[in-house]
Amino acid sequence: MPEPDYVTAARMVYDYSARLYVDEVGTEVSARFEAPLDRAVLEAFVELVATRGPGPVLDIGCGPGRVAAYLADRGLAVRGVDISLRMVEAARAAHPALRFDVGPLTELPVSAASLLGAVYWYSIIATPLPGLRNVWRELDRALAADGHVLVAFQGGENDRVERPDAYGSSIDLTLYRHSADDVVESLGAAGFDVRADIRRKAELPHEAGPQVFLLVERRRG
């Protein structure tokens with residue numbers, strides 16, 4: 001089946017802009033791009049996963065491996081996957097002790113029911129709301145029965161942010177500021193429960209609106 005146009009556009013834009021991203025954002029979680037609450041949510045995710053063991057955990061849409069490295073430093077057995085080969089190459093260069101693979105959100109390079117944890121750290125922002133059904137379907141395949149998930153994204157009212165010639169790539173990219181309630185509903189329809197729904201106001205210079213953090217687990221019973 002051919003991949004959706006929005007996936008192709010994201011791959012091409014992030015391949016083009018990977019070096020710029022690394023120069024601007026870096027390869028580590030930092031106070032410049034993660035507020036104290038953001039880092040606290042990551043710490044909560046670490047504790048939840050660690051109740052069963054160190055992993056495996058998958059950083060889905062990992063970019064240059066910032067969150068994967070953060071989780072690994074805290075003892076989780078983590079690897080990353082990203083649609084962009086150039087981002088994966090940057091992650092491998094920055095974090096040679098970790099494994100990074102190339103792949104879309106809908107085809108994770110893991111066996112069924114194998115993950116104790118999964119993180120989508122701002123990696124659903126190029127996927128329209130209807131496309132999340134396939135993302136969560138693949139998560140349902142890959143996640144163990146008692147696994148934990150962290151989903152972070154820029155909140156809004158399902159606003160479309162058009163980026164013509166995104167990052168000078170000559171490619172048009174659409175980003176989505178998803179309604180938090182709609183994402184919660186889509187997860188519920190896919191068989192997941194949201195254990196915690198955390199929203200904060202914009203407070204960092206690069207933020208244009210609310211930030212949303214969902215701690216998710218498979219529905220029981």
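Reader: Why is Tyr122 called buried?

Author: In this predicted model, Tyr122 has a relative accessible area of 19%. Buried means under 20%, so Tyr122 counts as buried.

Reader: What is the phi of Tyr122, and where does the residue lie?

Author: Phi of Tyr122 is positive, about 60°, although the residue is not a glycine. Tyr122 is found in the loop between β4 and α5. Most residues other than glycine have a negative phi.

Reader: Is Asp165 buried, exposed or partly exposed, and how do you know?

Author: The relative accessibility of Asp165 is 40%. Buried needs under 20% and exposed over 50%. The value for Asp165 falls in between, so Asp165 counts as partly exposed.

Reader: How many aromatic pairs are there?

Author: The count comes to 3 aromatic pairs. One of them is formed by Tyr120 and Trp136.

Reader: Why is the pair of Tyr120 and Trp136 called edge-to-face?

Author: The planes of Tyr120 and Trp136 are 85° apart, and the centres 5.4 Å. Rings pair if their centres lie within 6.5 Å, and planes over 60 degrees apart count as edge-to-face. Both conditions hold for Tyr120 and Trp136, so the pair is edge-to-face.

Reader: What does the pair of Tyr120 and Trp136 tie together?

Author: Tyr120 belongs to strand β4 (residues 115-121) and Trp136 to helix α5 (residues 132-142), so the pair ties together parts that are 16 residues apart in sequence.

Reader: How do you know whether Tyr120 is buried or exposed? And Trp136?

Author: Tyr120 has a relative accessibility of 0%, so it counts as buried. Trp136 has a relative accessible area of 0% and is buried too.

Reader: What makes Trp121 and Tyr122 a pair, and of which kind?

Author: Their ring centres are 5.7 Å apart, inside the cut-off of 6.5 Å. Their planes stand at 80°, so the pair of Trp121 and Tyr122 is edge-to-face.

Reader: Is Trp121 buried or exposed, and which cluster does it belong to?

Author: Trp121 has a relative accessible area of 8%, so it is buried. Trp121 forms one aromatic cluster with Tyr122 and Phe213.

Reader: Why is α2 called oblique to α3?

Author: Helix α2 (residues 36-50) packs on helix α3 (residues 66-73) at an angle of about 55°, and their axes are 10 Å apart. Roughly parallel needs under 35 degrees, and roughly perpendicular begins at 65. The angle lies between these limits, so α2 is oblique to α3.

Reader: Which hand does the crossing of α2 and α3 have, and which residues meet there?

Author: The crossing of α2 and α3 is right-handed. From α2, Arg39, Leu42, Glu43, Phe45 and Val46 meet Val67, Tyr70 and Leu71 of α3. These residues divide into 6 nonpolar, no polar and 2 charged.

Reader: How do α1 and α4 pack?

Author: Helix α1 (residues 5-25) and helix α4 (residues 85-94) have their axes 7 Å apart, at an angle of about 35°. Tyr14, Asp15, Ala18, Tyr21 and Val22 of α1 make the contact with Leu85, Arg86, Met87 and Ala90 of α4. Here the division is 7 nonpolar, no polar and 2 charged.

Reader: What kind of peptide bond joins Gly55 and Pro56?

Author: The bond between Gly55 and Pro56 is cis, with omega about 15°. Pro56 has its place in the loop between α2 and β1 (57-60). Most peptide bonds are trans.

Definitions and conventions:
Residues numbered from 1 in each chain as written. Predicted model: local features only at pLDDT ≥ 70, side-chain atom pairs only at ≥ 80, totals over all residues. Heavy atoms only, no water. Axes fitted to C-alpha atoms, helices over the stretch in contact; angles between N-to-C directions. Helix = DSSP H or I, 4+ residues; strand = E, 2+ residues; numbered from the N terminus. Parallel < 35°, antiparallel > 145°, perpendicular 65-115°, else oblique. Left-handed = near helix turned anticlockwise from the far one by under 90°. Contact = heavy atoms within 4.5 Å. Nonpolar A, V, L, I, M, F, W, Y, C, P; charged D, E, K, R; others polar. Phe/Tyr/Trp six-rings, centres within 6.5 Å; stacked < 30°, edge-to-face > 60°. Buried < 20%, exposed > 50% of the residue type's maximum accessible area, 1.4 Å probe, protein only.
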